[in-house]
Amino acid sequence: MWNPFKKAKNQASNMAMGMMGKIAMKKLQNMSPQEQQKMMTEAFKPENKEKMVAVMEQMRKTGQITEEQYIMAKQKLGL
């Protein structure tokens, strides 16, 4: 049974990801490879990439992510 007060094994990754992010990651892991590919192609459409870059830019300005993290994320998105 899940215990919300149990200490996490990897404290850094748990602090970086909120509750909704954890739920999304678990759902993604339970999907079939075909479903994962379909979802990823939908998420990485050009108009969605622009939105993601705008959000990342805002996060960088407010200090939620560092410049290095911003650059790495843009490289992974292919921008």
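**Exercise 1. Work out which residues line the second largest pocket and which elements supply them.**

Start with the lining: Phe44, Met52, Val55, Met56, Met59, Ile65, Gln69, Tyr70, Ala73 and Leu77. Here a pocket is an open set of 1 Å grid points where a 1.4 Å probe fits, with protein on both sides within 12 Å along at least five of seven lines, and lining residues have an atom within 4 Å of a point. Next, the elements giving two or more residues are helices H4 (46–62) and H5 (67–77), helices being DSSP runs of H or I with at least four residues. Finally, sort the lining: nine nonpolar, one polar and no charged.

A quick note: this is a predicted model, where local features need pLDDT of at least 70 and side-chain atom pairs count only at pLDDT 80 or more. Residues are numbered from 1 along each chain, and side-chain values use heavy atoms.

**Exercise 2. Find how H4 and H5 pack.**

First, take the axes: they lie 10 Å apart at an angle of about 170 degrees. That makes the two helices roughly antiparallel (angles over 145 degrees). Then look at the contact (heavy atoms within 4.5 Å): H4 residues including Met52 and Met56 meet H5 residues including Tyr70 and Leu77. This contact divides into six nonpolar, no polar and five charged residues.

Notes. Nonpolar A, V, L, I, M, F, W, Y, C, P; charged D, E, K, R; others polar. Axes fitted to C-alpha atoms, helices over the stretch in contact; angles between N-to-C directions. Parallel < 35°, antiparallel > 145°, perpendicular 65-115°, else oblique.
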